[in-house]
Each structure stands twice: as structure tokens, then as C-alpha cells.
Amino acid sequence: MRAMLLDESGRPLRAADVPEPEAGPGELLIRVHACGVCRTDLHLRDGEIPAGHLPLVLGHQIVGTDESGRRVGVPWLAWTDGTCAYCRSGRENLCERARFTGSDVDGGYAEYAVADERFCFPLPGDLPDDQLAPLLCAGLIGYRSLRFAGDAERLGLYGFGASAHIICQVAVHQGRRVFAFTRPEDTGAQALALSLGAEWAGDSLAPGPEPLDAAIIFAPAGALVPAALRATAPGGTVVCAGIHMSDIPSFAYADLWHERVLRSVANLTRRDAEEFLALAPRVPVRTTVQRFALEDAEEALTRLRDGRIEGAAVLEIAAA
Ligand SMILES: [Zn+2]
Ligand SMILES: [Zn+2]
């Protein structure tokens, strides 16, 4: 099968012909139709987080069909032990032995992938494969982050890429007011935010037009943390949604004081996926996607690194 391989972090992906993977007991062999390109893939490609093995097939937002023709989605969480203290307390996202798709387990930048059936999800019927793919990480992690924003009415989204453009729609559907914070020159992302129901879009390093009740930081820039704390009202929460971020500059205790909460979000639970995939069609979430051929995965990652993707990048691998 055709696959894009990461041979070594820091090096471009390489197109290769490799044997089709074989499904073991309890696993599905999936013909990949589309695979979303996540910022985590870029962090793995660039060596900012370590790959589970090399050579590696990236990609953890897989939409495909199993051998019975059923359409399934494969997310980042590939396997958990089910027995550790985290698994037993409803926090399998923190499982001590968790394995992740497109890092520990080969992912969806290929014509076929194998996944543990217990971590695959049926997908809502009416959306095309390429529009569904970004729901599987950008949507899921965004949704988990939104849950930690509690009942915040005034919600700030920092970095308006794949995740934020999905979560903006969910938040507006829930009756929240959304404020989009981007690099000041990123007028494309600001226009996308306003078109999706955000009431304001502007510079991420300056305060918004009014204080926020919660903020979610999707961009991997540590400098946004003190900026978001300063933009947040007393008692508000700042959620860091990414797997990697540049160092956070020191900031005055006054920026955190008044019971502001700063927290991160890691991975997902299967419950997050079930809830979000049921909610998305009711919003309904419509993803803006930029499509790439499998062989152009490196180009998609380059554009993501450069901030030149509007919405979400998706690899189109097989026709449905
Ligand atoms: Zn566990
Ligand atoms: Zn991801």
C-alpha cells in the first residue's frame, strides 16, 4: 500500500510502498478514505514530542471503512490498559500505559490502518469523509477543553485553526458569546471566526473588548498564557488544549490571583468521543477543510507550520 513515512523526526515525510497491515484479534482493518492533519502530527514530524516508534505512519483522525463496509472513525486514543487507577476512575485519557494512534500505533497517512475496535467510533451519516475527519481530534480535544470551560458565557478562543473553528460553532450553539484571538495580521482566521458566529476577533496579545469567563488556548505559543489570564475575569479558567507549547514566560501573581484557574487538557476519553460525535450533527458542525493528496502530506504540514491553513487540513486517500 501507499504510505507516508516519518523515518526520523526533523526530516520530511517520505512516500513509500509498504505491506498492508494485518488486523489481530479485536482489531479492524480499515481502508482509509480521509485522514485529518493535526498539529500534533507536526510536533511529531518536527521532534517537539517524541514518536512512539520509527519509521512511523502519522495521522490520528482517520475516517474509513472496515471489512464489512461500515464507516468508522479512529481517534488519537488507540489503547488503554483498563486497569490502572486513571482508567478505573473515568480518566482513561491519563492511562499510564495508553497507546496513541499515529505515534505508538501506525496511523492514517496510508491506504490502510489497523485499529482496536473498542477505540473506533461509528460516524454521523450525512457528512462526507473529509469533513468528518477533523472532528476526530480537533473536534474531540476541543470539546473536552470546552467542558473544562464550565458554563462560561464569554469564551475566548486563542488561535483560530482546526479546533477553534469547530468549537466556535458548538459554543455559539450552546448560547455562549465567542471572542476569537489571533495574530493581528491573520485576517483570514478572523474573518472565518466572525462568519462562524464569533462576535469579535482581534489581537491575541491584547485584552478583548470585555473580560472573558473562560479562555481556551489552541495555539502552541506559551506567551498566550499570561495574555489569556490577563484577558480573563476573576474566577475564570484558562485551558491549554495543546499537547506541546513553547515555554510560558513568567508573569505576575496578580494575573492568576482572584481565583483564576490555569489548566491543561490531555488526550480524550471514549466518553468524550461518544458525546461529541452525538452533539456535532445537532449543532450542526460544518468544517472548513483544505484537501491534500496523500503524497502531499509534507506540504500540508509545512502550511500548517506556517499558519497557511484555513480551518483544517485533510488528506484525501481513497474515494468513498
Ligand atoms: Zn489505564
Ligand atoms: Zn490531534
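Where does Pro 249 lie?

Tutor: Pro 249 is in the loop between strand 14 (232–240) and helix 8. Here helices (H or I, at least four residues) and strands (E, at least two) are DSSP runs, numbered from the N terminus. This is a predicted model, in which local features need pLDDT of at least 70, side-chain atom pairs count only at pLDDT 80 or more, and totals for chains, interfaces and linings use all residues. Residues are numbered from 1 along each chain as its sequence is written, chains are lettered from A and ligands numbered from 1 in the order in which they are written, and side-chain values use heavy atoms, with hydrogens and water left out.

Pro 249 is partly exposed, because its relative accessible area is 36%. The cut-offs are under 20% for buried and over 50% for exposed, with partly exposed in between (1.4 Å probe, protein chains only). Leu 224 is 25 residues away in sequence, yet the two C-alpha atoms are 9.1 Å apart in space.

Move on past helix 8. The loop between helix 8 (253–256) and strand 15 (261–264) holds His 258. Its phi is near 70°, a positive value in a residue other than glycine. His 258 has 40% relative accessibility, so it counts as partly exposed. Glu 259 is in the loop between helix 8 and strand 15 too. Its phi is positive as well, about 60°, and it is not a glycine. Glu 259 is exposed, because its relative accessible area is 69%.

Now the cis peptide bonds. One joins Val 283 and Pro 284, with omega about -15°. Pro 284 sits in the loop between helix 9 (270–279) and strand 16 (289–293). Another runs from Leu 54 to Pro 55, with omega near -10°. Pro 55 belongs to the loop between helix 1 and strand 4 (62–65).

Next, the metals. Donors are N, O and S atoms within 2.8 Å of the metal (3.2 Å for Na, K and Ca); water is not among the atoms, so sites may look incomplete. The zinc ion (ligand 1) is held by Asp 81 (OD), Cys 84 (SG), Cys 87 (SG) and Cys 95 (SG), at 2.0 to 2.3 Å. Along the chain, these donors follow the spacing D-x2-C-x2-C-x7-C. The angles among the four donor atoms run from 97 to 119°, so the arrangement is tetrahedral; that label needs four donors with all angles between 85 and 135 degrees. Both Cys 87 and Cys 95 are buried.

Cys 38 and Cys 137 link distant parts of the chain, 99 residues apart. Cys 38 is in the loop between strand 3 (27–37) and helix 1, and Cys 137 is in the loop between helix 3 (129–132) and helix 4. Cys 38 counts as buried because its relative accessible area is 12%. Cys 137 is buried too, because its value is 6%.

What about disulfides? The structure holds zero, with a disulfide being a pair of cysteine sulfur atoms within 2.5 Å. For Cys 120, the nearest cysteine sulfur is that of Cys 35, 13 Å away. Cys 120 is buried, because its relative accessible area is 10%.

Last, the open space. A pocket is an open set of points, on a 1 Å grid over the protein atoms alone, where a 1.4 Å probe fits, with protein on both sides within 12 Å along at least five of seven lines; lining residues have an atom within 4 Å of a point. A volume is the space filled by probe spheres set on the points, which are joined across faces, edges and corners. The largest pocket has about 1,000 Å³. It is lined by 50 residues, and the closest to its centre are Arg 39, Gly 161, Phe 218, Ala 219 and Pro 220. Elements that give two or more residues to this lining include helix 1 (39–46), helix 5 (162–173) and strand 17 (312–316). By class, the lining has 28 nonpolar, 15 polar and seven charged residues. Here Ala, Val, Leu, Ile, Met, Phe, Trp, Tyr, Cys and Pro count as nonpolar, Asp, Glu, Lys and Arg as charged, and the others, Gly among them, as polar.

Technical notes. Tetrahedral: all angles 85-135°; square planar, octahedral: opposite > 155°, others 65-115°.
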